[in-house]
Amino acid sequence: RMPTLVCASKCTTTTLDAVCELITHVHPSRASIARGFRNSTRADAGHARLVLLDDADDGVLGCVELRTSCAVRGCENMRNALMETVIVCPLHRRRGIGTILVRAATAWAFNAGFDVVTAYCDAALVGFYTLDACGFEYEAPIGKGGDGDLESCVRAFATADARARYVDARRMF
């Protein structure tokens, strides 16, 4: 059976507790992200917080946070979602869960009317987004990440038309 992607606002308190525990375990410095998931029952127009659940036992396999109120320079007429945080439970890594999570979150964004999904990542993760069937395309490094390494950009497009409009708009920069 395939895992199920659900909006955090529809999760039980127990599930949200498990998500918060996962986030703080994997990224102790990201307590604010955990708080965002915990408080996702309140309206937050700028973010979509999604949880991947195991169909067998409703256990948390991973979570992703999309910032839905952002624009790509030169493409302000296109709806862009920024995939900010992708976390897979350490017990479920190397089993394709990350790929399922990213693909499901991307599909969610496209179904919600977004033209582009963008993710910034370390160079070591570019292959995950592009080669592991996540459907993203690589862009050249854009600058230094938080750890001083070059940060790379990958983007997925809802349609071929969206990609063409993006490419045309970016030619000006």
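This briefing covers the strands, nonpolar cores, helices and aromatic rings of the structure above. The model is predicted. Strand 3 (residues 60-70) is largely enclosed by the rest of the structure, since nine of its eleven residues are buried. The largest nonpolar core has 24 residues, and M83, Y129 and F136 have the most contacts inside it.

**Strand pairing**

- Strand 3 pairs with strand 2 (residues 47-53) in the antiparallel sense, over seven bridges.
- Within this pairing, L52 has G62 of strand 3 as its bridge partner.
- Six residues lie between the strands in the hairpin of strand 2 and strand 3, and D58 in this hairpin takes a positive phi near 60°.
- Strand 3 also pairs with strand 4 (residues 80-88), again in the antiparallel sense and over seven bridges.
- V64 stands opposite V86 of strand 4.

**Nonpolar cores**

- The core of 24 residues draws at least two residues from each of strand 2, strand 3, strand 4, helix 3 (97-111), strand 5 (116-122), helix 4 (126-131) and strand 7 (150-157).
- Helix 3 gives the largest share of this core, with five residues.
- M83 is one of the residues with the most contacts inside the core. Leaving aside residues up to four places away in sequence, M83 touches V64, E65, L66, V102, A105, T106, V117, T118, A119, Y129 and F136.
- Another core, of 16 residues, lies apart from this one, and its members include A8, V19, I23 and V60.

**Helix 1**

- Helix 1 (residues 13-26) has 14 residues and reaches 20 Å from its first C-alpha to its last, close to the 20 Å expected at 1.5 Å a residue.
- The buried residues of helix 1 are T15, L16, V19, C20, L22 and I23. They cover an arc of only 160° around the axis, so they sit on the same side of helix 1.
- T13, T14, E21 and H25 are exposed on the other side of helix 1.
- Helix 2 (31-38), strand 2, strand 3 and strand 4 are what the buried residues of helix 1 pack against.

**Helix 3**

- The end C-alpha atoms of helix 3 are 21 Å apart, which agrees with the 21 Å that its 15 residues should span at 1.5 Å a residue.
- Buried in helix 3 are I97, G98, T99, L101, V102, A105, T106 and A109. Of these, V102, A105 and T106 are among the residues that M83 touches.

**Aromatic rings**

- Three aromatic pairs are found in a search of the whole structure.
- One of them joins F128 and Y129 edge-to-face, at 5.0 Å centre to centre with 75° between the planes.
- F128 has 22% relative accessibility and therefore counts as partly exposed, whereas Y129 is buried, with a relative accessible area of 6%.
- Y129 also forms an edge-to-face pair with F136, at 5.3 Å centre to centre with 70° between the planes.
- Both Y129 and F136 are buried.
- Ring pairs link F128, Y129 and F136 into a cluster.

Definitions and conventions
Residues are numbered from 1 along each chain as its sequence is written. This is a predicted model: local features need pLDDT of at least 70, side-chain atom pairs count only at pLDDT 80 or more; totals for chains, interfaces and linings use all residues. Side-chain values use heavy atoms; hydrogens and water are left out. Buried means under 20% relative accessible area, exposed over 50%, partly exposed in between (1.4 Å probe, protein chains only). Helices (H or I, at least four residues) and strands (E, at least two) are DSSP runs, numbered from the N terminus. Two strands pair if DSSP finds at least two bridges between them. A nonpolar core is a set of buried Ala, Val, Leu, Ile, Met, Phe, Trp, Tyr and Cys residues joined through side-chain atoms within 4.5 Å. Contact means heavy atoms within 4.5 Å. The expected span of a helix is 1.5 Å times one less than its number of residues. The arc is that of the directions from the helix axis to the C-beta atoms. Rings of Phe, Tyr and Trp (its six-membered ring) pair if their centres lie within 6.5 Å; planes under 30 degrees apart count as stacked, over 60 as edge-to-face and the rest as tilted.
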